[in-house]
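Biologist: Could you take a close look at one part of this model with me? I would enjoy a connected walk through it.

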Amino acid sequence: SWTSYGRVITFQQMSMALSGVMSGETPDWMTSEHMTGTSIMAVEYEGGVIIGSDSRTSTGSYVANRVTDKLTRVMDRIYCCRSGSAADTQAIADLVAYNLKLHSIELGEEPMVGTAASVFRQFCYQYRDRLVAGIICAGWDKKKGGQVYTIPLGGMCIRQPFAIGGSGSTYIYGYCDAHFKEGMTKDECIQFVKTCKNVVKCILPSFCCTALALAIGRDGSSGGVIRIASIEEDGVERRVYTGTDIPKFYDDGV
């Protein structure tokens, strides 16, 4: 047997993999679309929003990119979290950013978060039978403060106090429902996380980071690093957590 990235590969598994190649079968990762098989989330707090995601992009069973940035800037204080087809979500984000830039020139001021969400909804609904795109649009504006809008497959758009999406989200609905509370302050979101056993000073947005760590631990299509951004009136603060910074909820020896 061989060991690859901590997993033991048996001789039988290696023989099966090689036999597929030798017989002329095309591996799925050579023909599959690049998918941000994903864990994304966004949370409103008093004064702004926190958004977060993992960083794995997969092509079939092959990890095409370990450090993808799925938190995409649309305007200075409006971002989107992307899940689904990497190409589709990147194209939609570029189109929305272009339209919002024109809109801001016409208004002479920054557009509202709700306007950005509506433009996302327009494209996702109009091309719902051609695209695979699940979007979370979040940001801050001077009229309504921090806001989170979710635009799932099909083009529905709804504002929520927190939103989760991607393949990893199915594993953390229970955690999010049990631990989320409305009206959280930034200090309550960004606090010491006791589950980070290997870090002396691990300042993390605990609700987001713990939820994403749980999703990464269970979902095979989620992984890599955790990217977090807080968006408020003063601007955007971004952080990346890797390796031992990410909480673990299992024993390596099990």
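Is Phe 162 buried or exposed, and at what relative accessibility?

Modeller: Happy to. Please keep in mind that this is a predicted model. Phe 162 counts as buried, because its relative accessibility is 15% and the cut-off for buried is under 20%.

Its ring has a partner. The structure holds 1 aromatic pair, and this pair is formed by Phe 162 and Phe 180. The ring centres are 4.7 Å apart and the planes make an angle of 45°, a tilted arrangement. Phe 162 belongs to strand β13 (residues 162–165), while Phe 180 sits in the loop between α5 (173–179) and α6 (186–189), so the pair ties together parts that are 18 residues apart in sequence. Phe 180 is buried too, with a relative accessible area of 17%.

Strand β13 belongs to an open sheet of 5 strands, ordered β13-β4-β5-β16-β17, with antiparallel pairing. Both β13 and β17 (235–241) are edge strands with a single partner strand each, so one side of each has no neighbour in the sheet. On average, neighbouring strands here are turned by 10° against each other, direction ignored. At the β17 end, β16 (residues 226–232) pairs with β17 in the antiparallel sense over 7 bridges. Arg 227 stands opposite Val 240 in β17.

Two helices are worth a visit as well. Helix α7 (residues 206–218) has 13 residues and spans 18 Å from its first C-alpha to its last, close to the 18 Å expected at 1.5 Å a residue. Of its 13 residues, 10 are buried, so α7 is largely enclosed by the rest of the structure. Among them are Phe 207, Cys 208, Cys 209, Leu 212 and Ile 216.

Helix α3 (residues 86–107) has 22 residues and reaches 31 Å between its first and last C-alpha, close to the 32 Å expected at 1.5 Å a residue. Its buried residues include Ile 92, Val 96, Leu 100 and Ser 104. Viewed down the axis of α3, the buried residues fall within an arc of 150°, so they line one face of the helix. After α3 comes Gly 108, with a positive phi near 80°.

Key. Residues numbered from 1 in each chain as written. Predicted model: local features only at pLDDT ≥ 70, side-chain atom pairs only at ≥ 80, totals over all residues. Heavy atoms only, no water. Helix = DSSP H or I, 4+ residues; strand = E, 2+ residues; numbered from the N terminus. Expected span 1.5 Å × (residues − 1). Buried < 20%, exposed > 50% of the residue type's maximum accessible area, 1.4 Å probe, protein only. Arc of directions from axis to C-beta. Phe/Tyr/Trp six-rings, centres within 6.5 Å; stacked < 30°, edge-to-face > 60°. Pairing = 2+ DSSP bridges. Axes fitted to C-alpha atoms, helices over the stretch in contact; angles between N-to-C directions.
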